[in-house]
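Here is a short briefing to read alongside the structure. We begin with model confidence and then turn to the ligand and its surroundings.

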Amino acid sequence: MKKILINFAHPAKSHSNINKALRKAVETLEGVTVNDLYANYPDFMIDIQREQALCEAHDIIIFQHPFYWYSTPAIMKEWLDLVLEHGWAYGSEGKALENKLFFQVITTGGDASTYQKDGYNQFTINELTSPYQATAKLCNMTWLPPFTVSGVHRGLEQEKVQSQSEDYRRTIIALRDSLFNIEQAKQQPFLNSDINRMIRTP
Ligand SMILES: Cc1cc2nc3c(=O)[nH]c(=O)nc-3n(C[C@H](O)[C@H](O)[C@H](O)COP(=O)(O)O)c2cc1C
């Protein structure tokens, strides 16, 4: 069974709709650790040793967050800046993250059609997450496309919140139990583009 670390960042959790629901769908699963960065570090004083130990103890590292200014909430950048040390995460001696899986779980206000070259936001989500792809590569991690829930500005109907939460739960369980087709998923724009085809039955 794979161990999964979810680094969760939402600076206004009490106002969250979709991230709260997604988190609730997976946080009690066996093998899953939710690491709430804003709750643990309200002053941004990240405990580097604790975070590195958490990464070392898990096989899959997820960043779950709302899309803020086409990127992550600020604490995730701080986390990268401090935790991914030379000689630990990268460099000739830095092998701590080697071969671990990495992906983002991103919720966006803009709907999917706005994230196109000729759309309102000009760039695809895949393009906008390229710093994370490059970071994963530098750390010799396996990067997967993000699990994405778009169009949450207008408020998601409860039905969609529930179906996305269920898809997230199924994805996490399949990854944990090595029933997710990683190689096929790499070819998809999103991890949840076609999860029924990605998940194998045991
Ligand atoms: C500071 C801030 C920046 C945001 N930037 C973006 C953005 O760049 N692109 C986008 O699609 N939505 C953006 N949004 C909308 C959020 O992504 C959206 O409200 C969030 O994903 C909803 O998730 P929640 O219900 O868990 O809060 C932004 C919202 C805030 C508050």
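Among the elements of the protein, strand E1 (residues 4-8) has the highest mean pLDDT, at 99, while helix H9 (residues 195-198) has the lowest, at 95. Keep in mind that this is a predicted model. Across the protein, pLDDT averages 96, and 99% of the residues score at least 70.

**Where the ligand sits**
- The largest pocket is the space that the ligand takes up.
- In total, 17 residues surround the ligand.
- The closest of these residues are His10, Ser16, Phe67, Thr107 and Tyr115.

**Make-up of the shell**
- Sorted by class, the shell around the ligand holds nine polar and eight nonpolar residues.
- Charged residues are absent from this shell.

**Polar contacts with ligand oxygen atoms**
- Ser16 places a polar side-chain atom 2.6 Å from an oxygen atom of the ligand.
- His10, also listed among the closest residues, has a side-chain N or O atom 2.7 Å from an oxygen atom of the ligand.
- Asn17 takes part through its backbone: an N or O atom there lies 2.8 Å from an oxygen atom of the ligand.

- On its own, the ligand has 640 Å² of accessible area.
- The protein covers 74% of that area.

Terms used. Residues are numbered from 1 along each chain as its sequence is written. This is a predicted model: local features need pLDDT of at least 70, side-chain atom pairs count only at pLDDT 80 or more; totals for chains, interfaces and linings use all residues. Side-chain values use heavy atoms; hydrogens and water are left out. A residue is near a molecule or strand if one of its heavy atoms lies within 4 Å of it. A polar contact is a pair of N or O atoms within 3.5 Å; within protein, one must be able to donate a hydrogen and the other to accept it, and residues adjacent in sequence count only if both atoms are side-chain atoms. Accessible areas come from the Shrake-Rupley method with a 1.4 Å probe; for residues, only the protein chains shown count as cover. On a 1 Å grid over the protein atoms alone, a cavity is a set of points where a 1.4 Å probe fits but cannot get out, and a pocket is an open set with protein on both sides within 12 Å along at least five of seven lines; lining residues have an atom within 4 Å of a point. A molecule sits in a cavity or pocket if more than half of its atoms lie within 2 Å of its grid points. Ala, Val, Leu, Ile, Met, Phe, Trp, Tyr, Cys and Pro count as nonpolar, Asp, Glu, Lys and Arg as charged, and the others, Gly among them, as polar. pLDDT is the predictor's confidence in each residue, from 0 to 100. Helices (H or I, at least four residues) and strands (E, at least two) are DSSP runs, numbered from the N terminus.
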